[in-house]
Amino acid sequence: MKQKSKESVINVNHVRKVYRSKEMEYIAIKDISLEIARGEFVTVLGPSGSGKTTLLDVIGTLDTPTSGKVLIEGVDTSEMNDGQLSVLRNEKIGFIFQSYNLVPYLNVIENVMLPLMVNGNSDDEHRKLATLLLEEVGLSGKLGKKPTELSGGEQQRVAIVRALVNKPHILLADEPTGNLDSKTSDEVINLLARMSKENDTTILMVTHDPDLAKLSDRCVYMRDGLVEKEIRVRK
Ligand SMILES: Nc1ncnc2c1ncn2[C@@H]1O[C@H](COP(=O)(O)OP(=O)(O)O)[C@@H](O)[C@H]1O
Ligand SMILES: [Mg+2]
């Protein structure tokens, strides 16, 4: 029988990323190869400037590698056109950015429901899921509030729920707990870990916190645009 859990969802093949401007050239990623299986929860650690955000952008097809390839669910993204890439991002990938990117004039529940509306999936069942997830991260009393009425940590949690509500195959998260206290961080990480196991969501999360990284399946340590080492926490 085909073992679904062994299927490679993200395949980074000798990716290199060089930023060029008139006066300078900066090698953000030297040469990275990485394979991530369906339902795997991988954390990325490393000093500032080591290329973590660049790696997430390239995997999320928000940026193209200078050389090398990124395959998503076996499909070579370098052979996809802009329309196909935008469908891929909408349907399969959830993003949690370092900045929350909430829509200021929409309230909490409307912000969370936004990706569902874009995909024409907005119905009672999805609203229930959205409400449930918001409850789970301690925001049940805030559904009608606008982003400006929320703390940074609360806005971050809205952005996290918004990325999850579509049940994306892949979740890319750039320091999603950066603004959260340790109790809320734990809640968020436990929610992500549960999503990866229950929904087979493949998660790649950048974090500064080695204690949180221990709750993932595998830790990838980056330095100077390279993978320095990998540690498997769980098999
Ligand atoms: N658009 C860009 N133009 C030029 N240099 C960039 C750009 N984005 C990132 N860099 C540089 O690439 C390196 C890696 O950046 P980044 O991936 O953001 O690292 P990290 O997320 O690990 O802090 C940094 O030195 C950064 O200054
Ligand atoms: Mg970064």
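A crossing of two helices is called left-handed if the near helix is turned anticlockwise from the far one by less than a right angle, and right-handed if clockwise. In the predicted model described here, helix 3 passes helix 5 in a right-handed crossing. Because the model is predicted, local features were considered only at pLDDT of at least 70 and side-chain atom pairs only at pLDDT 80 or more, while totals for chains, interfaces and linings use all residues. Residues are numbered from 1 along each chain as its sequence is written, chains are lettered from A and ligands numbered from 1 in the order in which they are written, and side-chain values use heavy atoms, with hydrogens and water left out.

Helices (H or I, at least four residues) and strands (E, at least two) are DSSP runs, numbered from the N terminus. Two strands are taken to pair if DSSP finds at least two bridges between them. Strand 1 (residues 8-20) is joined to strand 2 by nine bridges, and the two run antiparallel. Val15 has Ile32 in strand 2 as its bridge partner.

An open sheet of six strands has mixed pairing and the order 6-7-8-3-9-10. Its edge strands, strand 6 (93-96) and strand 10 (226-232), each pair on one side only. From one strand to the next the twist averages 15 degrees; axes are lines fitted to C-alpha atoms, for helices over the stretch in contact, and angles run from 0 to 180 degrees between N-to-C directions. Strand 3 (residues 41-45) runs parallel to strand 9 (residues 218-223), to which four bridges join it, and Val42 stands opposite Arg218 in strand 9. Strand 3 also pairs with strand 8 in the parallel sense, over four bridges, and the bridge partner of Val44 in strand 8 is Val206. Strand 7 and strand 8 pair in the parallel sense over five bridges, with Asp174 opposite Val206 in strand 8.

A residue is termed buried under 20% relative accessible area, exposed over 50%, and partly exposed in between (1.4 Å probe, protein chains only). Five of the five residues of strand 8 are buried, so this strand is largely enclosed by the rest of the structure. Thr202, Leu204 and Val206 point one way from strand 8, whereas Ile203 and Met205 point the other way.

Contact here means heavy atoms within 4.5 Å. Six of the eight residues of helix 1 are buried, so helix 1 is largely enclosed by the rest of the structure; the buried residues are Lys52, Thr54, Leu55, Leu56, Val58 and Ile59. Just after helix 1, Thr61 takes a positive phi of about 60 degrees.

The axes of helix 3 (residues 108-118) and helix 5 come within 7 Å and cross at roughly 30 degrees. The two helices are therefore roughly parallel to each other, given that angles under 35 degrees count as roughly parallel, over 145 as roughly antiparallel, 65 to 115 as roughly perpendicular and the rest as oblique. Val108, Asn111, Val112 and Pro115 in helix 3 meet Val158, Val161 and Arg162 in helix 5. The residues of this contact divide into five nonpolar, one polar and one charged, where Ala, Val, Leu, Ile, Met, Phe, Trp, Tyr, Cys and Pro count as nonpolar, Asp, Glu, Lys and Arg as charged, and the others, Gly among them, as polar.

Helix 5 also contains Gly153, which is buried with a relative accessible area of 10%. Beyond its neighbours within four places in sequence, Gly153 is in contact with Asn179 and Leu180. The C-alpha atoms of Gly153 and Pro176, 23 residues apart along the chain, are separated by 9.6 Å. Leu180 is also touched by Ser185, as are Thr177 and Leu212, when residues up to four places away in sequence are not counted. Ser185 is found in helix 6 (residues 182-198) and is buried, with a relative accessible area of 6%.
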